[in-house]
Amino acid sequence: MATCDDCRLPIERSLSTEKKRVLCDPCSSLHDLDSSIRMRPVERGDLELLLAWRSNPEIYRHFRVQDEPLNWDEHVEWYESRSDNRYDFLIRYEKRRIGVVSIDADDEVGIYLGDFSAHGHGVATAALEWICNRFADRTPLTAEIHENNEPSKNLFKRCGFEKSATDGDWVQYIYES
Ligand SMILES: CC(C)(COP(=O)(O)OP(=O)(O)OC[C@H]1O[C@@H](n2cnc3c(N)ncnc32)[C@H](O)[C@@H]1OP(=O)(O)O)[C@@H](O)C(=O)NCCC(=O)NCCS
């Protein structure tokens, strides 16, 4: 089966070509929206950058499962033992690596832009719309966001997520395609 040159996921339906590249429909739509935004799987060579981003308290304070900087060995162990149903994508913007968008084995979606210079340009919106589109076959997708995290709540609502429940200070959102 053919794979997309950007996200490297299988292409099951119609093919779109841009120059000599073969893109899946969601990557092709993203390119039509903004050709400076591209998605590809996180690779081993990205782990140092991900460690730096995720060790920034301005990033990890928004994560429920992390309350201190990451440890390198545990970070590598996490990367190497990920479930087959989990996908982590590097968000590239203007040819720079600026963040990550993920879907885990329970269909929960997460996103962060570690490069703060990329905030406020709509890149996270495009990346979140892209992953919802790419994994439409796994809906409903979910997200869990701290009630004080206004940029993230705005982002997920903009992309069609709706509030479904609360658990203390955490708000659960659901996306149905
Ligand atoms: C959550 C996070 C990814 C959102 O980033 P962001 O820069 O606000 O999102 P976008 O890149 O889509 O930019 C949206 C902003 O740019 C503006 N914008 C400019 N051009 C835009 C465009 N073409 N499309 C959409 N929005 C655009 C929007 O109005 C919006 O600003 P507003 O919220 O003041 O209205 C970022 O704040 C982050 O990484 N936070 C830390 C980690 C985190 O909280 N992750 C989520 C955990 S659940």
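**Entry 1: the sheet of three strands**

I began with an open sheet of 3 strands, whose order is β7-β9-β8 and whose pairing is antiparallel. At its edges I found β7 (141-146) and β8 (162-167), each with a single partner strand, so one side of each has no neighbour in the sheet. Neighbouring strands here are turned by 30° against each other on average, direction ignored.

Before going on I noted the ground rules. Residues are numbered from 1 along each chain as its sequence is written. The model is a predicted one, in which local features need pLDDT of at least 70 and side-chain atom pairs count only at pLDDT 80 or more, while totals for chains, interfaces and linings use all residues.

I also wrote down the terms. Helices (H or I, at least four residues) and strands (E, at least two) are DSSP runs numbered from the N terminus, and two strands pair if DSSP finds at least two bridges between them. Axes are lines fitted to C-alpha atoms, for helices over the stretch in contact, and angles run from 0 to 180 degrees between N-to-C directions.

Next I followed the pairings one by one. β7 is joined to β9 by 6 bridges, and the two run antiparallel; across this pairing, Ala143 stands opposite Tyr173 in β9.

A residue counts as buried if 20 or more other C-beta atoms, placed from the backbone, lie within 10 Å of its own, as exposed if 12 or fewer do, and as partly exposed in between. In a regular strand the side chains alternate between the two faces of the sheet.

**Entry 2**

I then turned to a second open sheet, in which 4 strands follow the order β3-β4-β5-β6 with antiparallel pairing. Its edge strands are β3 (37-41) and β6 (109-113), each of which pairs on one side only. On average, neighbouring strands of this sheet are turned by 25° against each other, direction ignored. Between β3 and β4 (residues 87-93) I noted 5 bridges, and the bridge partner of Arg38 in β4 is Arg92.

Helix α5 (residues 123-134) lies across β3, β4, β5 (96-103) and β6, and runs at about 155° to β6; contact here means C-beta atoms, placed from the backbone, within 7 Å. The 12 residues of α5 reach 16 Å from first C-alpha to last, close to the 16 Å expected at 1.5 Å a residue, where the expected span is 1.5 Å times one less than the number of residues. I looked up how covered α5 is, and 9 of its 12 residues are buried, among them Trp130, Ile131 and Arg134.

**Entry 3: the ligand shell**

Which residues are closest to the ligand? They are His62, His119, Gly122, Ala124 and Thr125, in a shell of 20 residues, where a residue is near if its C-beta atom, placed from the backbone, lies within 6 Å. β6, α5, β7 and α6 each supply at least two residues of this shell. By class, the shell has 10 nonpolar, 10 polar and no charged residues; Ala, Val, Leu, Ile, Met, Phe, Trp, Tyr, Cys and Pro count as nonpolar, Asp, Glu, Lys and Arg as charged, and the others, Gly among them, as polar.

**Entry 4: backbone points to remember**

Most residues other than glycine have a negative phi, and most peptide bonds are trans. With that in mind I marked the cis peptide bond between Thr139 and Pro140, with omega about 5°; Pro140 lies in the loop between α5 and β7. Glu94, in the loop between β4 and β5, has a positive phi of about 50° although it is not a glycine. Glu94 counts as partly exposed because it has 13 C-beta neighbours inside 10 Å.

Notes:
Contact = placed C-beta atoms within 7 Å.
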